[in-house]
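Please open the structure in a viewer and follow the stops below in order. Each stop names a selection and then describes what is found there.

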Protein chains: 2
Amino acid sequence: MEAIPYYALLSAVAGLVIAVFYYLDVKKASPGNERMVFLMTEIQNGAKAFLKQEYTWVTAFVVVLAVLIGVFIQPFAALSYVLGAVLSGLAGYVGMTVATMANARTTEAAKEGPAKALPIAFRGGAVMGFSVAGLALAGLMGVYIVFVNVLEIDDAFEVITSFGLGASSIALFSRVGGGIFTKAADVGADLVGKVEAGIPEDDPRNPATIADNVGDNVGDVAGMGADLFESYAGSIIAPVALTAFSLSILPEQATENGFLPLLVFPMGVAFIGMIASIIGSFFVRGGSSTDSKALSRALHMGTNVAMAITIVGTIGLALWLFEDSAIFDNQLGLAASVIGGLLVGYLLGKTAEYYTSDHFGPVKAIARDTETGPATTVLKGISVGMISVGASVILLLIGIGVAFWGGSVAINEAGLTELSASIDPDRIEAFGGIYGIAVAAIGMLATTGVVVSVDAYGPIADNAGGIAEMAELDPKVREVTDALDSLGNTTAAVAKGFAVGSAALTALALFKSFEFAILEASGGEQALSLDIGRVPVFVGLFLGAMLPFLFASLTIDAVGRAASKMIVEVRRQFAEIPGLREGKPGVNPDSAKCVAISTNASLKEMIIPGGIAIVVPLVIGFISVDALGGFLAGALVTGFALAIFMANAGGAWDNAKKYIETGAHGGKGSDSHKAAVVGDTVGDPFKDTSGPAMNILIKVMTIVSLVFASAFVAF
Amino acid sequence: MEAIPYYALLSAVAGLVIAVFYYLDVKKASPGNERMVFLMTEIQNGAKAFLKQEYTWVTAFVVVLAVLIGVFIQPFAALSYVLGAVLSGLAGYVGMTVATMANARTTEAAKEGPAKALPIAFRGGAVMGFSVAGLALAGLMGVYIVFVNVLEIDDAFEVITSFGLGASSIALFSRVGGGIFTKAADVGADLVGKVEAGIPEDDPRNPATIADNVGDNVGDVAGMGADLFESYAGSIIAPVALTAFSLSILPEQATENGFLPLLVFPMGVAFIGMIASIIGSFFVRGGSSTDSKALSRALHMGTNVAMAITIVGTIGLALWLFEDSAIFDNQLGLAASVIGGLLVGYLLGKTAEYYTSDHFGPVKAIARDTETGPATTVLKGISVGMISVGASVILLLIGIGVAFWGGSVAINEAGLTELSASIDPDRIEAFGGIYGIAVAAIGMLATTGVVVSVDAYGPIADNAGGIAEMAELDPKVREVTDALDSLGNTTAAVAKGFAVGSAALTALALFKSFEFAILEASGGEQALSLDIGRVPVFVGLFLGAMLPFLFASLTIDAVGRAASKMIVEVRRQFAEIPGLREGKPGVNPDSAKCVAISTNASLKEMIIPGGIAIVVPLVIGFISVDALGGFLAGALVTGFALAIFMANAGGAWDNAKKYIETGAHGGKGSDSHKAAVVGDTVGDPFKDTSGPAMNILIKVMTIVSLVFASAFVAF
């Protein structure tokens, strides 16, 4: 049982080995002709240049926060914080580099059909998937083993939490910066290229096309990877921190029989999930057909196998771990929490799919409303997004209910009270239920390796199509890449459900940990008094509910400003480069300029919204920890609602447009289509910038509060 | 001091007398030529028909709820509930009838210039203003005197609260139903008339023009009146209920020296405000110039005079009332709360003006973004609306802080504890501050009489312009009515700020009252446990944050569905009535049909969103009162944010369009203008349906919880 962290560490290393294996596999495939290699290299260079600059900016931020942590909290915590940030950055860099290698190779393989192309795109994504999962788990387990098991320092659990804050910092900036980049390039490319110049998407004449493709990588690959890195790490940290802070455990007690199962259970689930992901990834093989059902089955197979193994493994783990009958009543209760979390995450993804796929009513209704123009299109999308909040919140609450119930029946609070005789028995009340909620998030994220692989597959297939278009290959190649691409849009739904669902559960668990961390830091003297009827709490709640709106406004505006810079540049190139618009052979746009513009604009724009997320909770916390409690709760519930609204409204508009492009309501070029394009453009920053960043916002604010809890008390 | 409720009652009667006086004044003016009388009658009949049908539907609802209240709570409470509903309905009916008399008379007077026309429009609105304030205050004081002073029944304070619930029920349905009607007609008239048929606004050929004018009356006059009726009543009820429930006062104690000043202070402020409003209303006189500044000064004079008198009077009242030095420390503290509330309400209005007037940056930025099409226009509006939430919440919190501080320094909690020896001293903790918050809302609403007059003036002037256009009068007349109308748009900002600010403060005070009502109903045994960290509270908070999104979605969709029915009908008439589109003399559209369609559609559509607001809190309350507490808090903070977002985004789009129509960015007919029209149409249900209804939603849910508190406990 004590060996579980070590096993988890080993499984993480195995994940990294698999990443290397897939990397070599991708590398040996041919990247195609000279033109394709040129395009691939341009995209790769653009993406790398962005990441390098982003990391430069973020490094400054990380250093400042590390110093603060080192001074106010703990030097080792600062170290752990930096490690979390560096590993997250490394995963993003490696994964994105390989993703930008895989795109042209997928295009080349697509010449021989989907059976060849699908595995390359998937394995390109899998390098990201296993880098993220492997580095996150290896780093976290390393920190745990060193500080809890070996050094046994008093603040070991603060040190672990700081690892999560490091990951969160990178995730926040990557999501915001990458999200702004990708949408600025996309909107810029579309508005001038498609609308003004009347040239198709991904046309090589459009100076912003390369930037658009770079955007897919920095936003949907690197940003998403950093997001899942922090979600994954956070979901393991939350139950560990909750256990340690609620029950006031010192590292030397961590191996005591009563506490040990609680501390290592999340790691055990992560271990199982990692092995399951590795096995699952081998099940993804391309068939010979471009039939979307067959392709979809091939891609889903990996996730499904991994989830099935995880479920079975978790049941076994629970039966083995929770034997001590003085502390554990129902051995399977916590397995139920984990599986419940997994199912709810899956259903959240399905709900998102219902509201955003053109197979169902909502998107069809938006498409219908395009017939009365852009205004009704926008209104219908807003109403679809808003009503999807209802279904998602209810699902989430069912998940919370199941997880709470599972934890309650599993853990015998009386037994736990006896064990933790030194602390106030009140602190143990409902511990089981909250612990159940905390582990439910791991249910969704244990299979991060394979889930991220599938998710990163999408932009690779998308890029592959772009390269086919820009390299002017046979339209048949484009057909294959299009089939692979459209698949990516639906499979991403699962990852989205997991990301948003786990964000809420993890934040909730971290929130409870924060309460106990304050109590601990004050030596049991200062308990948070979070009665909603108290004025500081209510004021905090109001501020918390307001913040997500502010954050959304800032990020939407940021996209707008960055996009308009791009538009000016694209217009300039069309005006000043003779022969460009006409497609004269040998005349190339200055793509690098567009990439540079998007890079600079998005990095500049990410500072304020990103900074707010860190600074505001600190300011409130130093004034009143009760207000901070209200603030975190308000931001969590409103941020969750707004995140779901924005993501689903954006997705629904996107697919309504695509649905019309298949010929419905007049098809491409009709007035309906024009209205749908308006909806889609409104939705772009919703679904790819503000919405996904909101999930991280919620957690980063909670975890920064948790890390600084002792500083708030001391102040 | 005991006489204050009687004085307030008398002042209310005086307000009603003034309403009659203004009614006679309006009536004696000439309504103009036959065509104008015909148009006026059509609008009047349409509006009355709507209200009658609306009241029929609402009566069914009121009866059901009255029976529930009678059975579960108290027969007298049911009676008071019905009285609140009936008086609110009566105020709406009377006010709207006179408003629809005043429109043609304003047009006729406009022939002689603004000096004649302004007072008629204002006095037409003043009938609504003083009917609302007079009937609300008279009814409420009547109930107070009968049940607290005369009958002294035990549940007297529940009976008073039920009056507020009656007003809230009507307000909710009027805002939602009226809001759907007005926007369905507006959108329908614009989309087919202006966009498809290419005929100007208010053109007599458009079959939906009359419906559009009816909509102004049922939405902006009757709906707004009912809204302010309940806000006004609620702002007086909240501090009374708070005092009674926190301090566990029986009616026979109400005249005891300690409690009396607390109970009658809000009524005293209302008395002063009523007198001040009457005086203020005499200061509104038209000048001879159509210069907008002069007109604006004339109109604002009424409000400014009334507010100045209220401020001075409140200071005097406080000095006189709060003499007992055992209970009151700083005599002026509560005056500071009231005045602070008034100022914050004013500043909230100014903030709304900043974000929605074309004199400032935000609207200009939206106008600029119309140049890149409707998508960027919509995005910019959304971001403007969202960022306005930040400024508004911070202002509101400053107001809460000032009000809390005022109450804290005013009330000596130790003295109060001695007085209320029978109750747990914990209950008195922070009572002063919360009481301060409760009375701050009255600061904004004491001058309801004149504020509503100015607000109702807007749609009358708007209608007057419509009649001038439809009756094909000299364009000079239209110029005068346009000058009067454009004024209405800016003066309404103050009422909006008051409505939203007071909604938050009142809901907060009622929320606290709810906590104590639960304690009281259980005989002190069941205290709410509203710690955010508890799972039922958190679940409630999540549900509460979700509900405003659901409500917004339903109301937006309702407008869309109702508008599309209208569009179909208008298209049908243009197609089937020969000569209509061409404007052949003697060919008239079937306006009544359009009115009937809008009426039926909007009433059908109001049931579900309206019903949800009543049913959801009841369901949650019977399951868990702690969850209900969380729910109300979540709905309050998120609903407030969403209300501000929607109202300001909608207002900003509207004025960006109007700004472009003055010639900016290409002016009318340009692509920029088309993009601005899209923004405006998206904003229509935001600012006139979902946004304003949200304010009532927040309160109606709180007050229904408060009324049913004893039933929840007994269950």
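For the first stop, a helix axis is a line fitted to C-alpha atoms over the stretch in contact, and angles between N-to-C directions run from 0 to 180 degrees. The model on display is a predicted one.

**First stop: helices 11 and 18 of chain A**

Select residues 374–410 of chain A, which form helix 11, together with residues 625–661, which form helix 18. How do their axes cross? They cross at roughly 130° and come within 7 Å. Helix 11 of chain A is therefore oblique to helix 18 of chain A, and the crossing is right-handed. Now show the side chains at the contact. Helix 11 of chain A contributes residues including Gly381(A), Gly385(A), Ser388(A) and Ser392(A). On the side of helix 18 of chain A, the residues met include Ala641(A), Phe645(A), Asn648(A) and Trp653(A). Coloured by class, this contact of helix 11 with helix 18 of chain A shows twelve nonpolar, five polar and no charged residues.

**Second stop: helices 16 and 18 of chain B**

Move to chain B and select helix 16, residues 535–576, with helix 18, residues 625–661. Their axes lie 6 Å apart, and the packing angle is about 35°. Helix 16 of chain B passes helix 18 of chain B in a right-handed crossing. By class, the residues of this contact of helix 16 with helix 18 of chain B are 19 nonpolar, seven polar and one charged.

Remain in chain B and select residues 333–356 (helix 9) and residues 431–445 (helix 13). The two axes come within 7 Å of each other and cross at roughly 50°, which means that helix 9 of chain B is oblique to helix 13 of chain B. The crossing of helix 9 and helix 13 of chain B is right-handed. Among the residues of helix 9 of chain B that take part are Gly340(B), Gly341(B) and Gly345(B). Helix 13 of chain B brings residues including Gly436(B), Val439(B) and Gly443(B). The contact of helix 9 with helix 13 of chain B holds nine nonpolar, six polar and no charged residues.

**Fourth stop: the contact between the chains**

Display both chains and select the residues where they touch. How many residues does each chain give to the contact? Chain B gives 56 residues and chain A gives 56 residues. On the side of chain B, helix 11, helix 15, helix 16, helix 18 and helix 19 each supply at least two residues. Helix 16 of chain B supplies the largest share of that side, 17 residues. The side of chain B that touches chain A divides into 38 nonpolar, 13 polar and five charged residues.

Select Leu263(A) in helix 7 of chain A, residues 260–282. Is Leu263(A) buried or exposed? Leu263(A) is buried, because 24 other C-beta atoms lie within 10 Å. Beyond its neighbours within four places in sequence, Leu263(A) is in contact with Val240(A), Thr243(A) and Ala254(A).

Then select Val148(A), located in helix 4 of chain A, residues 114–150. Val148(A) counts as buried, with 24 C-beta neighbours inside 10 Å. Leaving aside neighbours within four places in sequence, Val148(A) is in contact with Ala156(A), Pro251(A) and Ala254(A).

Select Glu472(A), in the loop between helix 14 and helix 15 of chain A. Its phi is near 50°, a positive value in a residue other than glycine. Glu472(A) is exposed, with 11 other C-beta atoms within 10 Å.

In chain B, select His665(B), in the loop between helix 18 and helix 19. Phi of His665(B) is near 50°, again positive in a residue other than glycine. With 19 other C-beta atoms within 10 Å, His665(B) is partly exposed.

How values were computed: Residues are numbered from 1 along each chain as its sequence is written. Chains are lettered from A and ligands numbered from 1 in the order in which they are written. This is a predicted model: local features need pLDDT of at least 70, side-chain atom pairs count only at pLDDT 80 or more; totals for chains, interfaces and linings use all residues. Helices (H or I, at least four residues) and strands (E, at least two) are DSSP runs, numbered from the N terminus. A crossing is left-handed if the near helix is turned anticlockwise from the far one by less than a right angle, and right-handed if clockwise. Ala, Val, Leu, Ile, Met, Phe, Trp, Tyr, Cys and Pro count as nonpolar, Asp, Glu, Lys and Arg as charged, and the others, Gly among them, as polar. Two residues are in contact if their C-beta atoms, placed from the backbone, lie within 7 Å. A residue is buried if 20 or more other C-beta atoms lie within 10 Å of its own, exposed if 12 or fewer, and partly exposed in between; C-beta atoms are placed from the backbone. Angles under 35 degrees count as roughly parallel, over 145 as roughly antiparallel, 65 to 115 as roughly perpendicular and the rest as oblique.
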